[in-house]
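Biologist: Let's go through this one together. Start with a term I'll need, then we'll get to the details.

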Amino acid sequence: MTWSIPQITTGAERRLLESMLDRNRAELIATVRGLSEHDAHRRLVASLTTPIGLLKHAAVAERIWFQHVLAGIPESECGGGTTPGDASFVVDDTETVADVIAEFETASARSRAIAAQFDLDDIKTHPRIGDVSLRFIYLLALEDFARHAGHGDILAEQINHPAPPGIHGPEHS
């Protein structure tokens, strides 16, 4: 499991939000580091979720929320996929862990640069949910990346420490 000690624990709201978002970005990346290419692409659940797919999905989220919604960049100019939902978890067989980490880090760096141009209370309109502030986008990304880092931890645990045969959970004890 990944978990790091927060480096910034006091200060202005924006500093704390940005620090925690970067921490969750790093935790999400940590869930795939050290996995083999085969294991990173393994599907262990019924959905399209894979360890590497979680990171791909996060890169899509960065582009949608920071580039498209906040900066108003057309989706075709966002530097990668912007299709939400299941499609955002799909990783081509030729894409490596290093490729997808680099994609996510590039999207995150662009998000940081874009966000630096806005105040927390600046309002933009999301095409489906309506008005959102940068503060909301930060909170949504924090929640999304933290949740997916947890998913990544569980998938990595299933890969690195599979349950012994016959163990299916407490209901079977």
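Modeller: First, accessibility: a residue is buried under 20% relative accessible area, exposed over 50%, and partly exposed in between, using a 1.4 Å probe and protein chains only. This is a predicted model, so local features need pLDDT of at least 70 and side-chain atom pairs pLDDT 80 or more, while totals for chains, interfaces and linings use all residues. Residues are numbered from 1 along each chain as its sequence is written, and side-chain values use heavy atoms, without hydrogens or water.

Biologist: How many salt bridges does the structure hold?

Modeller: There are 13. A salt bridge here is a side-chain nitrogen of Lys or Arg within 4 Å of a carboxyl oxygen of Asp or Glu.

Biologist: Which residue does Glu 95 pair with?

Modeller: Glu 95 bridges to Lys 56, with the closest N and O atoms 2.5 Å apart. Glu 95 sits in the loop between α3 and α4 (97–115), and Lys 56 in helix α3, so the pair links distant parts of the chain, 39 residues apart. Helices are DSSP runs (H or I, at least four residues), numbered from the N terminus.

Biologist: Is Glu 95 buried or exposed?

Modeller: Buried, at 18% relative accessible area. Lys 56 is buried too, at 12%.

Biologist: Now Arg 147. What does it pair with?

Modeller: One partner is Glu 143, at 2.8 Å between the closest N and O atoms. Both lie in helix α5, four residues apart, or about one turn. Arg 147 is partly exposed at 37%, and Glu 143 is partly exposed at 39%.

Biologist: And how far apart are the closest N and O atoms of Arg 147 and Asp 144?

Modeller: That salt bridge has 3.1 Å between them. Asp 144 is buried, at 12%.

Biologist: New topic. How much space lies in the largest pocket?

Modeller: About 230 Å³. Among its 17 lining residues, the closest to the centre are His 57, Ala 61, Trp 65, Leu 140 and Asp 144. A pocket is an open set of points on a 1 Å grid where a 1.4 Å probe fits, with protein on both sides within 12 Å along at least five of seven lines; lining residues have an atom within 4 Å of a point. The volume is the space filled by probe spheres set on the points.

Biologist: Which element gives the most to the lining?

Modeller: α3, with seven residues.

Methods. Helices (H or I, at least four residues) and strands (E, at least two) are DSSP runs, numbered from the N terminus.
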